[in-house]
Amino acid sequence: MRDKVNWIGECISTTRFSILINRELHGFFAGSRGLKQDDPLSPYLFVLVIEVLSGLLGQMARHTNFRFHWRCEREDITHLCFADDMMIFCKAEVASVSMVWNCLDQFRVASGL
């Protein structure tokens, strides 16, 4: 996983741009700030990263100590994502919340986010 994070970081941090003037390219300059919020690549990177977090939460839900939120148990829902928001659901007990915390911490270490 760390290799993929480094690879994506390399793609973002080593970009080079050129300016088109009168239909001719003029020189190159390096990008130095990474992705901006409105960059067309941002949503795709978000989806890739959230897939990893979704996988971690899915593994957590299969653990015998995890308890679903009572409204989510029948459908096995642990989280919902929309745009750049995420809601995580579990029973309000120490064991389940602790497992969610551990998933988020694993994600933090792996992704640097």
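1. Start with the contacts. Among those in the protein between residues at least 6 apart in sequence, 42% join residues at least 24 apart. Bear in mind that this is a predicted model.

2. On secondary structure, the protein has three helices and four strands. Read from the N terminus, the order of elements is α-β-β-α-β-β-α.

3. On burial and surface, the protein has 113 residues, and buried ones make up 21% of them.

4. Helix α2 covers residues 42–61, which is 20 residues. At 1.5 Å a residue, α2 should span 28 Å.

5. Which residues of α2 are buried? They are Ser42, Leu45, Ile50, Leu53, Ser54, Leu56, Leu57, Met60 and Ala61.

6. How many aromatic pairs does a search of the whole structure find? The search finds one. The pair is formed by phenylalanine 66 and phenylalanine 68, with ring centres 5.1 Å apart. Their planes lie at 85°, so the pair is edge-to-face; the cut-off for that class is over 60 degrees.

7. Are the two partners buried or exposed? Phenylalanine 66 is buried, at 3% relative accessible area. Phenylalanine 68 has 13% relative accessibility and therefore counts as buried, the limit being under 20%.

Conventions
Residues are numbered from 1 along each chain as its sequence is written. This is a predicted model: local features need pLDDT of at least 70, side-chain atom pairs count only at pLDDT 80 or more; totals for chains, interfaces and linings use all residues. Side-chain values use heavy atoms; hydrogens and water are left out. Helices (H or I, at least four residues) and strands (E, at least two) are DSSP runs, numbered from the N terminus. The expected span of a helix is 1.5 Å times one less than its number of residues. Buried means under 20% relative accessible area, exposed over 50%, partly exposed in between (1.4 Å probe, protein chains only). Rings of Phe, Tyr and Trp (its six-membered ring) pair if their centres lie within 6.5 Å; planes under 30 degrees apart count as stacked, over 60 as edge-to-face and the rest as tilted. Contact means heavy atoms within 4.5 Å.
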